Amino acid sequence: MKKLLFIILSFLSISNYAFAQEEKGEDDKEKPNSEGVVLEQDSSWLKGPQTTWYIKQDDWYKIHFEEHMMDSSYMHLHRYDVHGENGYRYQTLGNNASPLRSYWESPVYNLGQSVGITGYDLYAQDVYDWEYYNSYVPVTDFNGVVGHENRGKVGGKVSNNISPYWSVGMLFQRYSEPYVVGKDRVSNSYNAQQHTGFGLNTRYESENNKYKLLASYYQYIHEGPESAGLNVPSLINEDTQLDDLFRLGRGQLANYFFEGASSFKWNYNHHLYHQYALVDTAKLQVFHEFTRVKYRYQYANSADKISDNRAYYDQYNDYTVENLRLLPDSVLNDPNASLPIATDYEYGDQPYVSLEHQYIDNKLGIKSRLGPTFWSGFMRFRYQKFQQRTAEDYLPVPIDNQLFVGGDVEFLLPKNLGAVTGHAEFEMLERDAYNINAKVDAKYLKGGFTVERTLAPMIAQHFTTVFMSWNEKKESVSKQQIYIAPQVPLGKHGTFEVFGELNNINDYIYYDKFARPQQHNDAITYSRYGTRFKLKFGNIQQVAEVIYTQNTHQDVMPTPDVFATYEISFFKEFRDGMISLYTGFDTRYISSYYGMAFNPVSQQYHLQDDYKTDGYFNVDLFVNFKMRRAMVFVRIADILNLVDQTSGYWATPGYMGPGFGFSYGVRWLMFE
């Protein structure tokens, strides 16, 4: 019903806001008051290259007066999938619906106990990054993509002011992947994985600017079949080399899961932030933040199809793993060894697992801004419940409530050079979690440090299914990070940055080759060095990022040594910027390493040493075009795969992807 309501409202918005008035000159433009909002008496200037204004929760929390202008650019519009939107820094299993994981471990920041199933989180809207618009006239931001081999994306935002001090907005986003890797392509969504997000938000501020409120509701749903990777043993005989898989067409490949296996994830978030000024509008404020999250994950295999998929489950079931752990590494690492795979037992009538995690956060604090200096202090209490269910039983799992105290500081540097910020938060009941970090984000320098200790995820400590199970308390994970990045602004020609990062992790939790969680007792040290730059000379633009990683423990946290992206493009504006063209080549390279495998039952990446992902190099040709507020793109993906289907990432066994193909899409900003 909510989806239908959104579609109806979207069509109404498009029909009502599709026609724009003519633009006025620069002198007629109005902007929001730095101390609050003003009603636009004449908003016709919004119909031009300018757009509208918004804030994020952090802006009101840190008492920033200026609002942000809505992004109307189309830089990297062709990177429409989640993997591309994140700069190709994440491992993916090759399609839009595949889970993603960072190549390198990053600080957690959020100290609340989590379930730990995070592979699909990048598809969801981050509530703390939500844009609350001050849309003096109704605004619709629509986007849609038709990807090759029936991949798709559709979504948009709708926002409107109810009064000068109250606005409401709506968000919808849907990714679909109607193609299961290793099987013949299908042309409908029945055999598809889909990610759907729907949200509502509102912002309100009193006329005297002392009381401000932000509220939102968001739901995210992942659903679809699981393929569980290529069934390599069935594809290779004595005369077949692993590299021969490169030459097989998708219709010739076979998955471990033929059919009947599926996963679902539901995430519902209710969020409220409000503040009141006790002295002036900035010198002393109190604030309260409320968050209620209900998270549920379910994995299921149809009872009458279990025999079709047993080839995969038998490799990772409890009985097999118990026997394999008795063998020496010399046997386990021998590709010709005959390993004892347990097959003589029953899985049950309806093999599935269901997890449910709920928590309520209440955060109360006081804050102040005096000129360039901001400070705050707060207390946060988390009440939570966790339960797990299989076909045979229902099991509440004890989980502690948490009490945190902390605060933030910020100092704005003079002449708009940037800011220095700091954050500290401590868990007070068990005293086994904390986070301390500081960073500088300035014109000539970025850097910072993080010291944290985070609780082990619930799924790493307790998991019970008819396929696999474990029950063992894990220690908290400690991380330290130092980061520094000098920058050289090049004016209208762009920016140039070099950076270095040193990380140390103690008690790291990983999933071994049997897809079981383990805690690494030794310290892991890895460092990253590289450069990022954006250079523009005339109509030619170059954008690049190159990262070199040194890692002391590739055996538990595999990372590629070299990661690089490079774009060379042509940019040209016409008719005073009302029309523009942006076209070029988008390339990326990742050196060879033992990429992680993925277990669909537990939704976790785990180690594998069966094959090493060859270093791969991709080249995409893109054309982005903009006319006023309508932006379109055409992308020809993976040109090298057209020339040689045995080369590159898209043809690597276990990490199959779309290969050569065409995609096209549109983003359209519409105002009344």
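A polar contact is a pair of N or O atoms within 3.5 Å, of which, within protein, one must be able to donate a hydrogen and the other to accept it. This term will be needed at the last stop of the tour. The model on display is predicted.

**The whole chain**

Begin with the entire chain in view. Its secondary structure amounts to nine helices and 34 strands. The chain has 672 residues, and 53% of them count as buried. Of the contacts between residues at least 6 apart in sequence, 66% link residues at least 24 apart. The chain exposes about 30200 Å², with carbon and sulfur atoms supplying 56% of that area.

Next, select Tyr276, Leu278, Val279, Val286, Ile366, Trp375 and Val409, which together make a nonpolar surface patch of about 570 Å². Then colour residues 261-279, strand β11, which gives the most to this patch, with three residues. Tyr276 lies in strand β11. Is Tyr276 buried or partly exposed? Its relative accessible area is 40%, so Tyr276 is partly exposed.

**Tyr483 and its surroundings**

Now move to strand β22, residues 477-489, and select Tyr483 within this strand. Beyond its neighbours within four places in sequence, Tyr483 is in contact with several residues, including Lys446, Gly447 and Gly448, as well as Glu497, Phe499, Gly500 and Glu501. Display Arg528 as well: this residue is 45 residues from Tyr483 along the chain, and their C-alpha atoms are separated by 9.3 Å.

Finally, select Arg532, which is also in contact with Tyr483. Which kind of contact joins the side chains of Tyr483 and Arg532? The two side chains are joined by a polar contact of 3.4 Å.

Conventions: Residues numbered from 1 in each chain as written. Predicted model: local features only at pLDDT ≥ 70, side-chain atom pairs only at ≥ 80, totals over all residues. Heavy atoms only, no water. Helix = DSSP H or I, 4+ residues; strand = E, 2+ residues; numbered from the N terminus. Buried < 20%, exposed > 50% of the residue type's maximum accessible area, 1.4 Å probe, protein only. Contact = heavy atoms within 4.5 Å. Areas by Shrake-Rupley, 256 points an atom, 1.4 Å probe, with all protein chains shown as cover. Patch = residues over 30% accessible without salt bridge, like charges linked within 9 Å, V, L, I, M, F, W, Y side chains within 5 Å. Salt bridge = Lys/Arg side-chain N within 4 Å of Asp/Glu carboxyl O.
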